[in-house]
Amino acid sequence: MAGGDEAVTMGDATHLTPGAGGATVPDGPVPPVTVVPPVRRTVHFGAGPEWSLSQLGATAAAVGGVVVYLASLSRAGGGFDSLWWALAALPLFTMAWAGSAAPLLYWALLLYGWFTLTPAGSFSWWSLPAAAGLAVGHAAAALSASSPPAGSFTSRTASRWVRHTAIASAAAVPVAVLAGLLAGRSLGIVPVAYVVGLGGVAVGLWLVRTSPPAPRD
């Protein structure tokens, strides 16, 4: 290339010939390039496995989702026994089995609590933040299951999951509006609410599935 040095490889040494305006470089072997891997910080809890900061962040998001759900349930049902608040700590133990059926059974218990602790046939707008808490808790468990405990998530992966979780949470808004419109009508609100609610849950779980969202080029 004009104006630069031309590299010629001979044996184990690389010789540089001067170009039009370049300076000569002494002949000699080229030292190998050492790539230093990034430092990955992990945390130990007793004799258990190492946990990355990304995994701890996913666990904190799962706990936050449960707290929002329980707070919404308390407002919608007029309060409940304080023992229910202990369920907010369960993600600290179930995240180690995020890839199993443990999170599914855990959220099944929380959904059962909503149907038993709120008045039958009633509708509350507190169901919207409850749905958002459920979506965040489910997405956090699914994201945690996509990587080993010591694995880390890139900022691009995290933003992609946040976007999908926001879409799943937004799907609850038209469902809640429809349920609110039907709440004051004598149309058998209990069966209708079950159908509408299950449809919203199905759409949300389809948008935030257990496999990681596919990256876009």
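Author: What follows starts with the basis of the model, turns to the cavity, and ends with the chain around it.

This is a predicted model, in which local features need pLDDT of at least 70 and side-chain atom pairs count only at pLDDT 80 or more, while totals for chains, interfaces and linings use all residues. Residues are numbered from 1 along each chain as its sequence is written, and side-chain values use heavy atoms, with hydrogens and water left out.

The structure holds 1 cavity of 30 Å³ or more, and the volume of the largest cavity is about 60 Å³. A cavity here is a set of points, on a 1 Å grid over the protein atoms alone, where a 1.4 Å probe fits but cannot get out, and lining residues have an atom within 4 Å of a point; grid points are joined across faces, edges and corners, and the volume is the space filled by probe spheres set on the points.

The lining consists of Ala62, Val66, Pro91, Thr94, Met95, Pro103, Tyr106, Trp107, Gly137 and Ala141. Two or more of these residues come from each of helix H1 (53-77), helix H2 (91-94), helix H3 (102-117) and helix H4 (127-145), where helices (H or I, at least four residues) and strands (E, at least two) are DSSP runs numbered from the N terminus. The largest share, 3 residues, comes from H3. By class, the lining has 8 nonpolar, 2 polar and no charged residues, with Ala, Val, Leu, Ile, Met, Phe, Trp, Tyr, Cys and Pro counted as nonpolar, Asp, Glu, Lys and Arg as charged, and the others, Gly among them, as polar.

As for the chain as a whole, the protein has 7 helices and 4 strands, and its elements run β-β-β-β-α-α-α-α-α-α-α from the N terminus on. Of its 217 residues, 29% are buried, that is, under 20% relative accessible area with a 1.4 Å probe and protein chains only.

Confidence is given as pLDDT, the predictor's confidence in each residue, from 0 to 100. The protein has a mean pLDDT of 74, and 62% of its residues reach 70 or more. Confidence is highest in H1, one of the lining helices, at a mean of 91, and lowest in strand S1 (residues 6-10), at 42. Where pLDDT is low, the predicted coordinates should not be read in detail.

Key. 1 Å grid on protein atoms, 1.4 Å probe; cavity = no way out; pocket = protein on both sides within 12 Å on 5 of 7 lines; lining within 4 Å. Buried < 20%, exposed > 50% of the residue type's maximum accessible area, 1.4 Å probe, protein only.
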